Amino acid sequence: MQPLSPALEEQLSVLRPQYERDGAVCVRGAFGPEWLAMLDRGVERNIAAPGPMGKTYTPEGKPGRFFADYCNWQANPEFREFLLEGPAAAIVGRIMGATKVNLFHEHVLVKEPGTLEPTPWHHDQPYWTVDGDMVCSLWMALEPVPREAGVEYIAGSHRWGRWFRPKRFADQKDHPTDEFETLPDMDTVRRENTVLGWDLAPGDCVVFHGLTLHGAPGNALPTRRRAVSSRWSGDDATYVLRRGFMSPPPLPGAPEPGAPMDSALYPVVWRA
């Protein structure tokens, strides 16, 4: 793994306290053209041959296409090299203040032009089989994404001490579970809180906490919106089995509940 450039290290040191406060930060110029080209090949390979978790959320007959797939890094050579050899793990490690970073999984989200389906407001950790404060995502797009077409984040929501029921992307309804509370009215939440979002160029990324509320509109742009969100955990993370829906579901080779994430399934990719 190549070391981060001094300029990127300096940028991350400035962003770290902002991440602790807001739960989401934008890292400019984090990935060079070689990594973008690698992800481009990997995403197209994934679209052409989806894995077992692949889904299309756009109903038949509706415009565009909202495609998603995840947990393919072991079978997809481009994803594997990007995640294990690229700078992503070091970037999130610096942002979280971690001494080690484990890969959790990758998640591809593609919205073709004209796609109407939004990404529902949610936060990620209630879906996931990982507990701890050092849990985050690194979201990056392969095409330019203007602020109005990208993901939005509710600043500070990762510190509310509230866990909301996972949302189904297909119909925006709650997954059935008695473990968490229902998401509040998001129009009210947006009015009463700071909403973060950025104009993003290819190579930029957003790092956000596993409990930061976020959502995105459909794609009204004339271009595709292909994004890869890699999921990571740090020092205090442990494996957990939740009641009801889990995404990804429990997979073979996972640690025992309560154990650190360190395993072949969730390898340590970076150490400080």
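## The second largest pocket

Strand β5, helix α5 (186-192) and strand β11 each supply at least two residues of the lining of the second largest pocket. Helices (H or I, at least four residues) and strands (E, at least two) are DSSP runs, numbered from the N terminus. The model is predicted: local features need pLDDT of at least 70, side-chain atom pairs count only at pLDDT 80 or more, and totals for chains, interfaces and linings use all residues. Residues are numbered from 1 along each chain as its sequence is written, and side-chain values use heavy atoms, without hydrogens and water.

The largest share of this lining, three residues, comes from β5. The volume of the second largest pocket is about 220 Å³. It is lined by 15 residues, of which Thr 119, Pro 120, Trp 121, Gln 172 and Met 186 are the closest to its centre. By class, eight of the lining residues are nonpolar, four polar and three charged. Here Ala, Val, Leu, Ile, Met, Phe, Trp, Tyr, Cys and Pro count as nonpolar, Asp, Glu, Lys and Arg as charged, and the others, Gly among them, as polar.

A pocket is an open set of points on a 1 Å grid over the protein atoms alone, with protein on both sides within 12 Å along at least five of seven lines; a cavity is a set where a 1.4 Å probe fits but cannot get out, and lining residues have an atom within 4 Å of a point. Points are joined across faces, edges and corners, and a volume is the space filled by probe spheres set on them.

## The largest pocket

The largest pocket holds about 430 Å³ of space. Among its 28 lining residues, Tyr 57, His 107, His 122, Tyr 127 and Phe 169 are the closest to the centre. Two or more lining residues come from each of β4 (100-111), β5 (119-122), β11 (214-216) and β12 (225-233). The lining comprises 14 nonpolar, eight polar and six charged residues.

## The open sheet

An open sheet of four strands runs in the order β5-β11-β8-β9, with antiparallel pairing. Strands β5 and β9 (195-196) are at the edges with a single partner strand each, so one side of each has no neighbour in the sheet. Two strands pair if DSSP finds at least two bridges between them. Strand β8 (residues 152-154) is joined to β11 by two antiparallel bridges, and Tyr 153 has His 214 of β11 as its bridge partner.

## The cavity

There is one cavity of 30 Å³ or more. The largest cavity contains about 40 Å³ of space. Its lining consists of Gly 150, Val 151, Tyr 153, Gly 197, Trp 198, Leu 200 and Val 206, of which five are nonpolar, two polar and none charged.
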